[in-house]
Amino acid sequence: MRELPRVVITGVGLASPNGDSLPEYRKNLLEGRSGVVPYSIRHVGDTFAGVCKFDPLRYQTRKEARRGTRAGGISIWCANEALKDSGIDLASRDRSRVGVYIGITEHGNVETETQIHEVAQYNFDLSFWSHHHNPRTVANNPAGEVTLSLGIPGPAYCLGGACAAGNLGLIHGMQMLQLGIVDLALGGGVSESIHTFGIFASFRAQGALARHEDASKASRPFDRDRNGIVVSVGGCLYTLERLDDALARGAKIYGEVRGYFVNSDASDFVLPNSKGQQACIRGALAHAGLAPDEIDIVNTHATSTKQGDEVECEAIRSVFAGAHTRVNNTKSYIGHTMGAAGALELAGNIPSFDDGLVHPTINVDNLDPACALDGLVLNEPVRPERRIDRILNMSFGMLGINSAVIVERYRS
Amino acid sequence: MTRDEIVIAIKDIIATIAPDEEVSNLAMDVRLRDQIELDSMDFLDIVMELRKRYGVQVPEEDYMQLSTLQGCVDYLGPKLESKSLVLTALKG
């Protein structure tokens with residue numbers, strides 16, 4: 001196989017429940033600050049959610065925000081912030097060589113529920129059904145809104161990958177750069193899921209929606225008393241470039257995407273499968289040409305469900321036994337940002353290359369013995385003796401999709 | 001609703017669907033599209049708001065009647081005569 005170009009991350013744009021920029025987000029991860037709050041949604045009532053506070057009008061007119069979707073608005077925010085962070089001015093670029101690749105868990109539920117709610121007020125007279133329904137619900141909506149907002153005539157679409165999707169956007173962006181299809185990729189994932197009651201209701205019906213008296217402690221992966229997921233909204237897009245291009249323009253380099261893997265459990269609609277997850281981790285390590293001990297941080301997918309966390313811990317234990325690897329979890333702060341999760345949680349760890357710290361998993365009052373992994377970083381940040389050079393992010397989703405991405409400190 | 005109120009009703013609808021536009025100075029006899037940014041989806045929004053707020057159905061063949069504020073007043077006058085003004089964007 002021919003040598004593929006190296007691909008690096010040169011910009012990060014994000015909207016997280018505990019921060020709308022990487023420095024703010026990182027600070028809150030190191031200080032143990034949760035972004036989960038009490039939340040109420042029609043038909044479900046009082047629950048919890050991770051809610052973002054960014055100002056959509058920084059990059060959209062009020063009409064654009066009104067016409068588009070929340071996922072579109074988050075994508076536009078993240079794309080603009082990532083470009084700004086990267087120092088890239090699209091005006092000086094061939095925009096047809098820019099690709100937009102956005103992972104989504106689902107898209108269209110919010111708008112469809114809203115329209116059904118609307119026509120229900122009019123005895124289901126469909127003359128009250130909005131003409132905006134189709135452009136808001138098509139699966140490429142978030143990426144398409146970015147192209148409209150930034151005037152990008154290049155390839156732009158979404159990748160549906162359940163909760164593994166955030167990594168897919170990044171992986172696909174890397175592939176398109178390596179194939180020479182684009183010269184700049186905006187890749188990552190977004191989610192608007194807190195605006196659909198169906199997501200909450202379905203998790204609740206499954207017995208997998210978090211309950212706790214304190215919102216900030218509701219998401220608590222690896223804790224013995226964890227009882228389910230906190231649904232969250234968010235997004236994260238990276239500017240990805242081929243290394244040569246990034247060096248030629250003197251770009252700041254956050255890290256190199258060293259390897260990745262995506263596979264399927266092929267075993268159940270909803271239940272995770274440790275063997276599939278192990279195969280995914282080993283696949284990513286093989287793709288990167290690395291041994292387990294060469295990974296410094298494993299950022300887990302764990303969503304705070306009883307079974308999911310245990311199964312993932314089993315997979316990590318089987319691959320990383322005896323390694324120096326530290327293990328953490330970002331959902332304990334922000335809940336489950338669904339389609340954004342992989343990209344957003346990875347972003348929260350990338351500053352480790354500079355500050356030398358591993359952010360902890362918070363809210364673990366009583367560690368579940370089944371989740372007592374070697375290297376698990378609990379409640380307080382840790383500064384490992386060994387320099388942090390590589391981070392592996394894992395994200396898994398329904399129908400058994402698994403994804404893993406390895407990002408490495410940039411070395412010339 | 002009086003004819004003056006119908007003008008306010010239309011301006012309120014436009015202010016709702018095109019919130020970045022200034023509606024107070026809209027001329028009566030100039031096409032709305034020539035005064036502010038309105039596309040066909042916005043126009044369908046105007047028709048939808050008339051339906052929701054006032055129960056007025058505007059058939060497609062009559063859409064051209066709504067191209068100016070004066071046209072709106074003339075066409076909607078009889079239909080809105082017995083309706084009360086609903087304000088969303090311009091209230092207060």
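How are α1(B) and α4(B) oriented to each other? In this predicted model, helix α1 and helix α4 (residues 69–80) of chain B pack with their axes 9 Å apart and at an angle of about 115°. Because angles of 65 to 115 degrees count as roughly perpendicular, α1(B) and α4(B) are roughly perpendicular to each other, and their crossing is right-handed. On the side of α1(B), the contact involves B:Arg3, B:Ile6, B:Val7, B:Ala9 and B:Ile10, which meet B:Leu69, B:Cys72, B:Val73, B:Leu76, B:Gly77 and B:Leu80 in α4(B). Sorted by class, the residues of this contact are nine nonpolar, one polar and one charged.

Between the chains, the contact takes eight residues from chain B and nine residues from chain A. The side of chain B that touches chain A comprises five nonpolar, no polar and three charged residues.

Chain A is assigned two domains, domain 1 (7–248) and domain 2 (259–407), whose C-alpha centres lie 21 Å apart. Across their boundary, 58 residues of domain 1 of chain A are in contact with 51 residues of domain 2 of chain A. The elements that give two or more residues to the domain 1 side include β1 (7–15), α1 (22–30), β4 (98–104) and α7 (165–178) of chain A, and α7(A) gives the most, with seven residues. By class, this side of domain 1 of chain A has 29 nonpolar, 22 polar and seven charged residues.

Two open sheets of chain A are described next. One has 10 strands in the order β5-β4-β6-β8-β1-β9-β13-β12-β10-β11, with mixed pairing; its edge strands are β5 (156–160) and β11 (326–329) of chain A, each of which pairs on one side only, and the twist averages 25° from one strand to the next. Within this sheet, strands β10 (residues 297–300) and β12 (residues 390–397) of chain A run parallel and are joined by three bridges, with A:Leu392 in β12(A) as the bridge partner of A:Val298. Helix α10 (residues 274–288) of chain A packs on the sheet, where it touches β9 (255–264), β12 and β13 (401–408) of chain A, and its direction makes about 145° with that of β9(A). Helix α13 (residues 341–349) of chain A also packs on the sheet, touching β1, β4, β6, β8, β10, β12 and β13 of chain A, and its direction makes about 155° with that of β12(A).

The other open sheet consists of three strands of chain A in the order β2-β3-β7, again with mixed pairing. Since β2 (36–41) and β7 of chain A stand at the edges with a single partner strand each, one side of each is left without a neighbour in the sheet. The pairing of β2(A) with β3(A) is antiparallel and extends over six bridges, and in β3(A) the bridge partner of A:Val37 is A:Ala49.

Conventions: Residues are numbered from 1 along each chain as its sequence is written. Chains are lettered from A and ligands numbered from 1 in the order in which they are written. This is a predicted model: local features need pLDDT of at least 70, side-chain atom pairs count only at pLDDT 80 or more; totals for chains, interfaces and linings use all residues. Two residues are in contact if their C-beta atoms, placed from the backbone, lie within 7 Å. Ala, Val, Leu, Ile, Met, Phe, Trp, Tyr, Cys and Pro count as nonpolar, Asp, Glu, Lys and Arg as charged, and the others, Gly among them, as polar. Domain bounds come from an automatic or database domain assignment. Helices (H or I, at least four residues) and strands (E, at least two) are DSSP runs, numbered from the N terminus. Two strands pair if DSSP finds at least two bridges between them. Axes are lines fitted to C-alpha atoms, for helices over the stretch in contact, and angles run from 0 to 180 degrees between N-to-C directions. Angles under 35 degrees count as roughly parallel, over 145 as roughly antiparallel, 65 to 115 as roughly perpendicular and the rest as oblique. A crossing is left-handed if the near helix is turned anticlockwise from the far one by less than a right angle, and right-handed if clockwise.
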